[in-house]
Amino acid sequence: MPKGVTDFLPEKAARIGFIEEKIRRVFELWGFRRLITPLLEFEDVLAVSMGDELKEKTFRFDDRQTGKLLVIPPDITPQVARIVATRMHASPLPHRLYYNGRVLRHAEIQSGRSREIFQAGVELIGLDSPEADAEMVAMAVEVLKGLGFDDFKVDIGQVEFFRGIMAASGIEQAARGRLQEAIRKKDASAVGEILARVDASDATKEQISALPRLFGGREVLAEAGRVVANDRSRAALDNLSHVLDILDVYGVSDYLTIDLGEIRGLDYYTGITFEGFVSGFGEEVCGGGRYDNLTSKYGFPSPATGFAFNVLALLNALEKRPELEGGRGTDFLIFNVKEDRREALEIATSLRNRGFTAARDIIRRDFDSSLAYAKKMNILRLMVIGGNLCSDDEVYIVRVADNKGVAVKKTELPGMNF
Amino acid sequence: MTDFITIAIPKGRILQESVALFKKIGIDCEELLSDTRKLVFENSEQKMRYMIVRATDVPTYVEYGCADLGIVGKDTLMEQDKDLYEPLDLKFGYCRLVVAEPAELSCTDDPSSWSNIRIATKYPNITEKYFAGKGVQVEIIKLYGSIELAPLVGLSERIVDLVSTGETLKQNGLVEVDTIAEITCRLIVNRASLKTRQKRISEIIGGLEKHF
């Protein structure tokens, strides 16, 4: 198999399904509608809305039909921007859209990291208000809570704060690039060294050197307010403060941290940005932000905000917490000891009609092998029909986890909740 | 389990200086200096855990979140270029990353006319990047130790390596021709750790910062 792709066997696939279902449920509860995007796009079409870093990671090849360059999308947001701008521009705003799909990105050869990324995300298009940004963060918190995480943080930034300082600084482009890199790493000493060699006012230098340390709780806003003077950065702080006020109403403030030195995806985002982190897991599990310039690349200028979960990152984070539920096994394995299969099939059907999952153990084998099979297949209960474990008008139900069995009258089965 | 802060520290000289530094901010990890083969140490009172690893592995443990913090030389960080925070220059472990060549070659050599040169080094990525920035093509020979040997036996004309006093270069008849970077030890932090355990980690960073 090629590197960076994985076969997901039923146990893992079930957990992925469980996570995706939880996410989808939250998206739908908030009124988002699903969009299914194609697996192929023309390179020249998708490239207009992708940053350089993403372009370099894209899988490309020739289209036999047209001779043009095709790509397998490395991200779904550019596709949503294209679809909204070209296909949905006549409908009233805002659009609340969600997607759930896989994208491919080249990874470094040795790293063996996944090249396949399972994304589940939303885009809220047509709103520029802080409430729209707050909605994104609140949904992210709701999903993470719903998955059972308790110790997690959503870290919020505002790229306009950084841009405002840089634009007002008068520092030349090359030095700005180096500063940006150092700030991204919170490397305060490198920032200091670069600043020592550039021509800028003391006030500007003070603002820039504050950036690597402007992270923490809400007090960061006050600190930042004291150091900046330019209007653009002030507007960014006001905006962030609005978003935080709304998130306070949502009651999620305890899950938030603020980082004004967070400038990832600077060429893409235009306002609020955020990433979700789960304690004990080294990388982010979701990320997003405001991108007001994207749909205009396809001739339909519209403010927009959105975010996506990395489903495999969530899976790995969940697996570090085995006590959390990670997808249900099958409810019943129906094990028939009688010659006649009629009753077994009838009971299976009635269980399914009531919403229980039930698989028939069609192979003829003894009780112990059937129980071992149920254990292996993550089936919760084994139901024995016939045989000498119970009387004729009963079935025998074994809880697979601890082998505890109980005889139940067949007449009582339809009323039982197990 | 998760309320512990884990620090990855490399073996050797850096270990002693790190222990001394942490002691200054009230974090006691003298146990690391004891003569034992243990790799993980725990101080349950202070809720700290320490891992002793190879210097080049420190960024990996921190990147994957197995350690929240790490101490490592800037040379290793530059070479591996991982997505980590490097909030503090710890100022110890000073040395320089230089280009060196045999003394006799340097008499007639003009670095501005270099093209297509061959270089032996432990740092292929830094070397590649540095010379690409100058527009010079390089053939890189990756070695794992005793880099100074390469020019002596004709493996390469020049080397890129760390020097602290310059004594090793001198003894092998080599001279520095260019400095690529000045190197010190850095405190590195996993991104998720900084966000999810911001308070404790900020305290450690702030505490260490006061001692410079």
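**From a hairpin to the interface**

Mentor: In chain A of this predicted model, A:Arg60 stands opposite A:Val71 in E4(A). Helices (H or I, at least four residues) and strands (E, at least two) are DSSP runs, numbered from the N terminus; two strands pair if DSSP finds at least two bridges between them. E3(A) and E4(A) form a hairpin with 6 residues between them, and in the turn A:Gly67 has a positive phi of about 75°.

Residues are numbered from 1 along each chain as written, and chains are lettered from A and ligands numbered from 1 in the order written. Local features need pLDDT of at least 70 and side-chain atom pairs pLDDT 80 or more, while totals for chains, interfaces and linings use all residues, and side-chain values use heavy atoms, without hydrogens and water.

Further along chain A, the peptide bond from A:Leu93 to A:Pro94 is cis, with omega near 0°. A:Pro94 sits in the loop that connects helix H4 (77–87) with strand E5 (95–104) of chain A. Chain B has a backbone feature to note as well: B:Asn116, a residue other than glycine, has a positive phi, near 50°. Its place is the loop between helix H4 (103–108) and strand E7 (117–121) of chain B. Most residues other than glycine have a negative phi, and most peptide bonds are trans.

Chain A also holds an open, mixed sheet of 5 strands, in the order E14-E13-E15-E16-E17. Strand E14 (358–360) and strand E17 (404–409) stand at its edges with a single partner strand each, so one side of each has no neighbour in the sheet. From one strand to the next the twist averages 25°. Within this sheet, strand E15 (residues 379–385) and strand E16 (residues 394–399) of chain A run antiparallel and are joined by 4 bridges. A:Arg381 has A:Arg399 in E16(A) as its bridge partner.

Helix H13 (residues 342–353) of chain A lies across strand E13 (330–336), E14, E15 and E16, running at about 160° to E14(A). Helix H14 (residues 367–376) of chain A packs on the sheet too, touching E13, E15 and E16, with its direction at about 155° to that of E15(A). Axes are lines fitted to C-alpha atoms, for helices over the stretch in contact, with angles from 0 to 180 degrees between N-to-C directions; contact means heavy atoms within 4.5 Å.

Now the partner. The contact takes 26 residues from chain A and 26 residues from chain B. The two chains bury about 2100 Å² between them, 43% of it on carbon and sulfur atoms; this is the accessible area (1.4 Å probe) lost on being put together, summed over both parts. In chain A, A:Lys185, A:Arg213 and A:Gly282 lose the most area to chain B, together 25% of what that side buries.

A salt bridge here is a side-chain nitrogen of Lys or Arg within 4 Å of a carboxyl oxygen of Asp or Glu. A:Glu275 and B:Arg191 form another salt bridge, with 2.6 Å between the closest N and O atoms. That pair runs from strand E10 of chain A to helix H8 (residues 191–196) of chain B.
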